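Take a walk through this structure.

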Amino acid sequence: MPDLLTRLSKEVAARLHGAGRQVYYVGGSVRDELLGVEVHDRDLTTDATPTELKVLFPGALEVGAHFGVMLIRRDGVEVQVATFRTESSYRNGRHPEEVRFERDVVADLCRRDFTINALLQEPLTGKILDPLGGMADLRAGVIRAIGDAAERFQEDHLRMLRAVRFAARLGFEIEPGTMVAIRMLAGQIHRISAERIRDELIRILTEGGARRGFELLDSSGLLLEILPEVAAMKGVQQPPQFHPEGDVWIHTLGLLERMGQPPVELALGCLLHDVGKPPTQTFEDRIRFNGHDHVGAAMTRRILSRLRFPSEVIEAVEQMVDQHMKFKDAGRMGAGAFKRFVRQPGFDQLLELHRLDILASGGGLRSYEAVKERYAELPEDVLRPPPLITGRDLIELGYQPGPAMGTILRAVEEQQLEGELASKEEALAYVKRFWAPAAT
């Protein structure tokens, strides 16, 4: 794929050069290549007008006609070509109302977000052009807004979250003036749609550096605006005999630090598994958080619904939060209860959450290993055996359809999972012994 992308990018650039036009690679691909990161996409910028681009690339797709952006696809790869432009009169802190096409590439670069994303590369020679000082910031590990930071963030409030994401993923610092502007404007993040905020949060959680990302969200003031329920974890003390690492916030950061690049459901589970602790904290014989798992599950649904997560993600994370305390009872579970516990959807992610939860508390993994070993010993046909009887079998015995039939079938399944029933005949005998058919 990288070879195909390089070939297509150079062919596009060569055609533009042949037409007498300026063309450069720009943005993340230049930055990532200089950092030694594999490049998966290419953005090209040119002084060719949108009309000229249509003539030069008749099969291209207009993905932003107003902005002069064309998408060129071939063999499963695509490159984006955009005309140099300047923008003004931003509305809603996101979209410009006025766009003017330019011949000067520096004018185009000055509208972009951060210096490290304003580096240019000549496609045919590989030469780097750096009119805005991006190379120095790349070497120093600094995220710096182009020009006046407050103006850049007023133009597009989402850039505040992007600054955090880049700093977290790359291990960079946010330049002090840029951070001051984020703190000043953090409250305006609500002008951005929940969906766009959600997408940036997902990337902060899953691209690596999640702990650093959430520390920056906190220090910038964005966390309190976006996830006040998570910000409320700060200073909520835990019993030191179980959590020597510190308060709920420190514990949660410990999970984020250890999870690498997880699936989004696991990442959210790690972030929110103890979100119910602040409202349930009590001081009795010791600090307690009675029912924080169930309270946290309900809070999780509200938080993720507010951020417009898909229903399947909400349900998976809610279940994870609700179930994460059950591991303390796993060693005492009977065969049936254990099978029901481990065969629930998403159990592998729940098990990984448990492992991270233990590690973030400084504990040993003996309970985790015991559950994992017991789980591994259960073949699929034992974990999810076909039902011994069905509703049709009960009807043939004279039982009437209805809620009572469901109760009977669940009881039979429970006995089957416990190993007490192994055949259809045993199941029917069990039903006859404990449930008489309803009179008709």
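What follows covers a cavity, a loop residue and the aromatic contacts.

This is a predicted model: local features need pLDDT of at least 70, side-chain atom pairs count only at pLDDT 80 or more, and totals for chains, interfaces and linings use all residues. Residues are numbered from 1 along each chain as its sequence is written, and side-chain values use heavy atoms, with hydrogens and water left out.

Begin with the cavity. Rolling a probe the size of a water molecule over the atoms shows where empty space is left. Here a cavity is a set of points on a 1 Å grid over the protein atoms alone where a 1.4 Å probe fits but cannot get out. A volume is the space filled by probe spheres set on the points, which are joined across faces, edges and corners. The count is 1 cavity of 30 Å³ or more. The largest cavity has a volume of about 40 Å³. Its lining residues (an atom within 4 Å of a point) are L201, L205, F214, L227, L268, L271, L272, I303, L304 and L307. Two or more of them come from each of α9 (194–206), α14 (264–272) and α16 (292–306). Helices are DSSP runs (H or I, at least four residues), numbered from the N terminus. The most comes from α14, with 3 residues.

Now look at M259. M259 sits in the loop between α13 (248–258) and α14. M259 is buried (under 20% relative accessible area), because its relative accessibility is 8%. Beyond its neighbours within four places in sequence, M259 has contacts (heavy atoms within 4.5 Å) with L205, A210, A267, C270 and L356.

Next come the rings. Rings of Phe, Tyr and Trp (its six-membered ring) pair if their centres lie within 6.5 Å; planes under 30 degrees apart count as stacked, over 60 as edge-to-face and the rest as tilted. The whole structure holds 9 aromatic pairs. One of them joins F347 and Y375: the centres are 4.9 Å apart and the planes stand at 80 degrees, so the pair is edge-to-face. This pair links distant parts of the chain, with F347 in helix α19 (residues 347–360) and Y375 in helix α20 (residues 366–376), 28 residues apart. F347 is buried, at 2% relative accessible area. F327, F341, F347 and Y375 form one aromatic cluster.

Finish with a charge. The charged end of R374 sits over the ring of F338, 4.0 Å from its centre. That term requires CZ of Arg or NZ of Lys within 6 Å of the ring centre and within 35 degrees of the ring normal.

Methods
1 Å grid on protein atoms, 1.4 Å probe; cavity = no way out; pocket = protein on both sides within 12 Å on 5 of 7 lines; lining within 4 Å. Buried < 20%, exposed > 50% of the residue type's maximum accessible area, 1.4 Å probe, protein only.
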